[in-house]
Amino acid sequence: MTTAPTCDLAVVGAGFAGLACARRAAERGLSVLVLDRKREAGERIHTTGILVKEAWEEWAVPDDLVRKVGRVRIHTPSHRSVELKRSDYFFLATDTAGLLRHLADETRSAGAEVRFGVRYSGATRAGTGLALEEAGVSCRFLVGADGARSRVASSLGLDRNERLLKGVEWEFEPLDDVGDCLHCFIDPECAPGYIGWVVPGVGITQVGLAVHRKARADMQRFVARLDPLFGLSGRPVLDKRGGVIPIGGLLRRFHTDRALLIGDAAGMVSPLTAGGIHNAYRYGRIAADAIADHLDAGGPHPGPVVRRAYPGHRWKHAARWSYDRLPVARALEAGLLTRGLFRKVAGKVFFDRFVV
């Protein structure tokens with residue numbers, strides 16, 4: 001069976017990784033098609049949408065879609081806290097849906113075609129490429145950027161994410177008490193395996209929990225525990241979002257001879273902080289360059305190129321192991337961890353370097 005038209009690159013998934021890859025590949029002169037089952041960019045958001053400073057330096061995002069957050073405050077269950085700040089560092093809360101729409105527009109402007117409302121059902125070999133029958137196209141190379149439970153990975157027999165967190169977030173009206181601070185809550189009862197958070201978003205306040213996959217994210221209980229700080233109980237919930245977060249690191253088998261996984265689909269998420277947007281954007285572009293070099297100039301296969309570029313995160317995996325197994329919250333409450341030591345470790349986690 002012959003499918004037409006044929007494109008150089010088909011990307012499944014119009015999230016940050018897929019759109020960054022598609023835009024860069026189009027800029028390199030490849031014919032690119034992006035497919036996504038959602039009806040439009042930014043529909044059904046599954047992420048808190050925080051950008052680190054490094055992402056802002058690589059991508060000039062519109063000012064009206066972001067809000068600068070200059071401080072991090074770590075809270076224990078009894079609301080004791082440690083504040084972290086660096087004069088040369090910041091985070092950006094985002095209007096995540098708006099940011100994805102903006103990136104989709106940038107991708108189209110670069111020359112890629114973006115189709116929404118198309119479900120990926122599988123790929124079969126077609127000559128020197130792959131045929132995506134439901135989309136009615138064939139491609140020379142396929143990128144799976146379709147999330148932690150990737151259908152592309154499943155259809156091609158690639159590894160799939162097994163270590164997952166389950167995240168839930170509620171949106172409230174803006175609260176003055178939140179300030180320009182990212183509030184993180186170490187609470188093994190409400191957030192076993194990870195943390196809770198309160199973020200001063202763009203026109204909203206974002207309150208969320210991430211827990212081990214088998215645990216229950218009890219948002220009602222968490223919101224009640226935050227009442228002494230923010231008085232959230234009884235306030236209307238404007239919107240809800242949720243999803244799963246891979247924390248196992250880069251998958252061992254994340255590519256075949258004609259396909260490659262990126263973003264959450266490949267496990268490109270920090271195993272400790274669960275941050276993924278910066279990795280999605282950066283390695284989406286790295287993958288696009290490697291694919292263009294491979295298809296047009298006979299360069300090496302993109303898979304090993306991306307693997308060599310991706311950091312091992314050994315200390316983050318070790319810290320994740322420790323966080324999962326050691327009573328960090330109880331140690332803080334009992335004073336077994338000094339504020340100075342905790343400040344240094346937490347600074348390494350959030351700023352990827354030790355804070356003195």
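# Why these labels?

Guide: In this predicted model, take contacts between residues at least 6 apart in sequence: 72% of them join residues at least 24 apart, a contact being heavy atoms within 4.5 Å. Local features need pLDDT of at least 70, side-chain atom pairs count only at pLDDT 80 or more, and totals for chains, interfaces and linings use all residues. Residues are numbered from 1 along each chain as its sequence is written, and side-chain values use heavy atoms, leaving out hydrogens and water.

Visitor: What makes T96 count as buried?

Guide: Its relative accessibility is 3%, therefore T96 goes in the buried class. T96 lies in helix α3, residues 96–109; helices are DSSP runs of H or I, at least four residues, numbered like strands from the N terminus. Leaving aside residues up to four places away in sequence, T96 touches F16, I45, T47, T48, G49 and R241.

Visitor: How much of the chain is buried?

Guide: Buried residues make up 54% of the 356 residues.

Visitor: How many helices and strands are there?

Guide: The chain has 11 helices and 17 strands.

How values were computed. Helices (H or I, at least four residues) and strands (E, at least two) are DSSP runs, numbered from the N terminus. Buried means under 20% relative accessible area, exposed over 50%, partly exposed in between (1.4 Å probe, protein chains only).
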